Amino acid sequence: METNIIEIFSSVQGEGRYVGCRQLFVRFEGCNINCQFCDTENAPGSHLMCNIETRPGSRKFTEIINPVEASEVAAYINRFLQQVPHQAISFTGGEPLLQAGFLQELIPMINCPVFLETNGTLPQQLEKVLPLVDIISMDIKLPQVTGREYWQEHKEFLELAKDKDVYVKLVIPGDINEDDFHKAVDLVAGIDDSILLILQPVTPMNGVLGADPGLMLELQQLALEKLKDVRIIPQTHRMMDQL
Ligand code: SF4
C-alpha cells in the first residue's frame, strides 16, 4: 500500500501530555476538515515529494517521490530508531486516520510505541487501528473553527479511545463561544471525568484572535468543576523554534 507523506523528521513533542518527549514525526497529507487556524497544506496531491530528515534532528532533508510504500516508510523509521531512542512515533497530519489501511500495514513493521495525533472526527477509522495504537491525542474541534459541528463524531471517538492512553486537546480562540466550551467539557465528563483535558491557547495566525491569560484561567476553572485534570499548555515547539 502507498500514500502521500509530507515529511518524516525527529523532534520534541510540543503539545499536550507528552510535551518535551523525543518523537519521530510522520506527517500525512490530507485532512477531512478545514480549520481556520490550520498551518498545514492539506490539499490532496499537493505534495509531489516527501521530505525525509537525513539523520534524526539534523534538519537536513532529502526528497523522495510520493506516493511512498509502507515498507519504505518502515525502513526509514527503523533506521532512525537505531540512531536515536524515541519515546514514540507520532502519526500526524493532516488527519492520519484517513490512512487507516496504510497504518494497519505500516505499524506492525515498526518496534516503537505509536502516538496518534488526530482531529477525533473519524471513529470508524479509529476502530480499524485501535489495537495498534498506544497513545491518542484527540482534538475536540469547535464549530466556530470548522464551520460545522462534530459533537456526535467526537463522542463516538472518545468512547472508543477511552481505554487507551488518551487525552483531549481543545484549542482556545480568543473569541471562544462559551456554550460550545461547556459542550466540549460536558462531552468529556460524560464519558470519564478523569480523562485529561488540555486547553491550548490558539497561536494567533490567519486573523485568529489569541486567547488572553485571564480567559484561559477562567476556562480552566470552569472545566475543573467537571473534570479532575485540566491543564493549560501552549504550542511549546514554536517557543523553542523546533519543527
Ligand atoms: S484537523 Fe488539523 S490538519 Fe485538519 S484542518 Fe484542522 S488543524 Fe489542519
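1. The structure, a predicted model, holds one cavity of 30 Å³ or more, a cavity being, on a 1 Å grid over the protein atoms alone, a set of points where a 1.4 Å probe fits but cannot get out. About 40 Å³ of space lies in the largest cavity, where grid points are joined across faces, edges and corners and a volume is the space filled by probe spheres set on the points. Its lining, meaning residues with an atom within 4 Å of a point, is made up of Phe37, Asp139, Ile140, Lys141, Leu142, Val145, Leu170 and Val171. By class this lining has six nonpolar, no polar and two charged residues, with Ala, Val, Leu, Ile, Met, Phe, Trp, Tyr, Cys and Pro counted as nonpolar, Asp, Glu, Lys and Arg as charged, and the others, Gly among them, as polar.

2. On how to read the values: residues are numbered from 1 along each chain as its sequence is written, and side-chain values use heavy atoms, with hydrogens and water left out. Because this is a predicted model, local features need pLDDT of at least 70 and side-chain atom pairs count only at pLDDT 80 or more, whereas totals for chains, interfaces and linings use all residues.

3. The largest pocket (an open set of points with protein on both sides within 12 Å along at least five of seven lines) has a volume of about 860 Å³. Its lining counts 38 residues, and Glu15, Asp39, Thr40, Gly93 and Gln235 are the ones nearest its centre. Two or more lining residues come from each of strands E2 (5–12), E3 (22–28), E8 (114–118), E9 (135–139) and E10 (165–172) and from helix H8 (236–239); helices (H or I, at least four residues) and strands (E, at least two) are DSSP runs, numbered from the N terminus.

4. Around the ligand are Cys31, Ile33, Asn34, Cys35, Cys38, Asn42, Gly94, Asn119 and Lys141, each with a heavy atom within 4 Å of it. This shell has four nonpolar, four polar and one charged residues.

5. Two cis peptide bonds deserve a look in the model. One joins asparagine 66 and proline 67, with omega about -5 degrees, and proline 67 lies in the loop between strand E5 (61–65) and strand E6 (68–69). Another runs from glycine 93 to glycine 94, with omega near 10 degrees, and glycine 94 belongs to the loop between strand E7 (88–92) and helix H2 (100–106).

6. Arginine 59, in the loop between strand E4 (49–53) and E5, has a positive phi, near 60 degrees, although it is not glycine. At 30% relative accessibility arginine 59 counts as partly exposed, the class between buried, under 20% relative accessible area, and exposed, over 50% (1.4 Å probe, protein chains only). Aspartate 241, in the segment after H8, also has a positive phi near 60 degrees, and aspartate 241 counts as exposed because its relative accessibility is 71%.

7. Which residues does valine 188 contact, leaving aside its neighbours within four places in sequence? With contact meaning heavy atoms within 4.5 Å, they are Ile140, Leu158, Val168, Asp193, Ile195 and Leu227. Valine 188 lies in helix H6 (residues 178–191) and is buried, with a relative accessible area of 0%.
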